[in-house]
Amino acid sequence: MDDYDVTLRGVTKSFGGRRAVDDVTLTIRRGEFFSLLGPSGCGKTTLMRMIAGFESQDSGAITLGGADMAGIPPHKRDVNMVFQNYALFPHLSVAENVAFGLRIAKSDDVDGRVRRALAKVNLAGTEKRSTTTLSGGEQQRVALARAIVTGPRVLLLDEPLSALDLKLRKGLQEELRRLQRELGMTFVFVTHDQEEALAMSDRIAVMNGGRVEQTGTPEEIYERPATRFTAEFVGSGNFFEGTGDGRTVRTKDGLSIESAASGDVTLLVRPEKMRINGGGGLPARVEEVLYQGASMSIILKAGERRLLVEDANDGALARVRVGETTTVSWRPEDVLVLPR
Amino acid sequence: MKGRFLSLLLPPTAWLVAFLVVPTMVLAGSAFSADGMRALAHAGTWVLFWRSFWIAVVSTAVCLAASYPVAYFIAGCSTKWRNLLLFLVVLPFWTNLLVRTYALKFCLDPIGWSDTSAVIFAIVQNFLPFMILPLYASIEKLPPRLLEASQDLGASPARTFWKVTVPLTMPGIAAGSILVFIPVLGVFALPEFINERTVLIGSQINLYYGQGDTGAGSALTLVLMIFTILLTWIYSRFRKSEGLV
């Protein structure tokens, strides 16, 4: 069990009769960037607060570095948290915020360690400033420096980027990933942003209604979603519900799709795997063309069925006009099978 | 524009002149008299000032220590309980000060508690709401996230209290202390009810005016005023340097 930093076994937590976290079992490896991904209210934040010790589970067990955490208060757990709204101490300077944990632990060379931590998050020279004069992105970096400076076993990040604008968010994503590699620290990252989770994580646990739907690498989650929820939440897709006989799946609206699935299944074709005017395939009418700069989204209607096709903006799609009739096709190996 | 500006300025200015400037001038006028100077030269006067000062300091400190847990508890309650408890805190104000003090005396006399500590007890008992309310107001505004952040960084609940809660509720602590300290400094009647030997500066001023010695009464009042203004000024400087204004 040595290479696991955090384990959760059958962890359940209810608030007023509602199960916020429902029988969650997870193992988080040492030094990995692990994301808890799900819509708001899926229990991801509650789960993280239980790891930090701010909530206690109704049943199940949580271990940190192999030690059972039952009854251990937050200040005795070797985890630090980066809060969603930073939670910087307004009565302390930047340097004193970062030094907070070091002073509690009576560390030596507090000034040097604070300086190095601030340099790591690109905030060198802000030591003396008041935290209230910093921008949102800078405050987030101070919170990060404050959390890593004591060298905790695990760093918990509660949607740390959600309050920032897009450009800043992208920059901080890269920085967080770099920081995690340099420190070799286990990061548990809570987010509702699937793109963010895919871009940053070593592994992702997709959560829904207090349960873990699927755990895997970003590729596994996106390319081989285990449930329809995962498939819909991570990326977008075209879904075909039907019944398969081992060679083809027939849908209620009369489509026959080549697939080895049998029984009642849902087939998924990702929008970027679909081709327009590839010769043959499903006839469809162009309803909408959404220009997105680097890529383009085309919404089509095949009978009553709505299809989404995405492609790079390399000229081929630019000729597609709203109202015209075309065909949509895909390769058989790009059809994913989901249980129903 | 200018005329309108001046007309807006007029009422408050008139108010200040009528109720602050003129009375203070009258007071100062009668203080700088032979009677006034004689009272200030009298060593006993300064004994009273000193006694009033330290009783006010001790009373404020006891008030603060007694009020903090109460305010903290109320701030942690649900809205329904909060309103009820805050109502109970101010309920004593519905009874006259003298009635309350007599009631207290009837409780203290049978057990023979009437020394200076009983006087401080009576003062604290009377001034508690002035401390609890501002403390409650600042504790209630304290973001729970900050307390969590502190514990997350390894601080025990006790250290979190001293390193985060107390500094962040300093505005409430300061406001409550000022609200208790200043009136207690000039308190009269109440101490003598409990113990007639505990004469404070407020009682002495009352006595002088009662005897018709307006000069002496005014001189002591003026010194007390200057002292109070000085303390308030130090307090505002302190708050500015803490960045809590």
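Biologist: Is B:Phe87 buried or exposed?

Modeller: First, a word on what we are looking at: this is a predicted model, where local features need pLDDT of at least 70, side-chain atom pairs count only at pLDDT 80 or more, and totals for chains, interfaces and linings use all residues. Residues are numbered from 1 along each chain as its sequence is written, and chains are lettered from A and ligands numbered from 1 in the order in which they are written. A residue is buried if 20 or more other C-beta atoms lie within 10 Å of its own, exposed if 12 or fewer, and partly exposed in between, with C-beta atoms placed from the backbone. Because B:Phe87 has 9 C-beta neighbours inside 10 Å, B:Phe87 counts as exposed.

Biologist: Which helix does B:Phe87 lie in?

Modeller: Helices (H or I, at least four residues) and strands (E, at least two) are DSSP runs, numbered from the N terminus. The run that holds B:Phe87 covers residues 79-90 of chain B, and that is helix H4.

Biologist: How many helices does chain B have?

Modeller: Read along the sequence, chain B follows the pattern α-α-α-α-α-α-α-α-α-α-α-α. With zero strands in chain B, the count of helices is twelve.

Biologist: What share of the residues of chain B count as buried?

Modeller: The C-alpha atoms of chain B fill a box of roughly 70 × 65 × 35 Å along the principal axes. Of the 245 residues in chain B, the buried share is 29%.

Biologist: Why does H5(B) lie largely in the open?

Modeller: H5(B) spans residues 97-108 and reaches 16 Å from its first C-alpha to its last, close to the 16 Å expected at 1.5 Å a residue; the expected span is 1.5 Å times one less than the number of residues. H5(B) lies largely in the open because, of its twelve residues, the number buried is one.

Biologist: Which residue with a positive phi follows H11(B)?

Modeller: H11(B) covers residues 201-210, and its buried residues include B:Ile201, B:Ile205 and B:Tyr208. After H11(B) comes a residue with phi near 85°, and that residue is B:Gly212.

Biologist: How far apart do the C-alpha centres of domain 1 and domain 2 of chain B lie?

Modeller: Domain bounds come from an automatic or database domain assignment, which gives chain B domain 1 (1-31) and domain 2 (34-242). Four residues of domain 1 of chain B are in contact with seven residues of domain 2 of chain B, where contact puts the C-beta atoms, placed from the backbone, within 7 Å. The C-alpha centres of these two domains of chain B are separated by 30 Å.

Biologist: And how far apart do the C-alpha centres of the two domains of chain A lie?

Modeller: Chain A is divided into domain 1 (4-231) and domain 2 (236-339). Five residues of domain 1 of chain A are in contact with five residues of domain 2 of chain A. The C-alpha centres of these domains of chain A lie apart by 38 Å.

Biologist: Which element gives the largest share of the side of chain B that touches chain A?

Modeller: Across this interface, 14 residues of chain B are in contact with 16 residues of chain A. The elements of chain B that give two or more residues to it are helix H7 (144-152) and helix H8 (157-168). The largest share, six residues, comes from H7(B).

Biologist: How many residues are in the largest nonpolar core?

Modeller: A nonpolar core is a set of buried Ala, Val, Leu, Ile, Met, Phe, Trp, Tyr and Cys residues joined through C-beta atoms within 7 Å. A:Leu156 is one of the members that touch the most others, and not counting residues up to four places away in sequence, its contacts include A:Met48, A:Ile51 and A:Val188. A second, separate core of 38 residues includes B:Ala31 and B:Tyr136. The number of residues in the largest core is 86.

Biologist: Is A:Tyr86 buried or exposed?

Modeller: A:Tyr86 is found in the loop between strand S6 (79-82) and helix H2 (94-104) of chain A. Phi of A:Tyr86 is near 70°, a positive value in a residue other than glycine. With 22 other C-beta atoms within 10 Å, A:Tyr86 is buried.

Biologist: And A:Lys106, buried or exposed?

Modeller: A:Lys106 sits in the loop between H2 and helix H3 (110-120) of chain A, and has a positive phi of about 50° although it is not a glycine. With 7 other C-beta atoms within 10 Å, A:Lys106 is exposed.

Key: Two residues are in contact if their C-beta atoms, placed from the backbone, lie within 7 Å.
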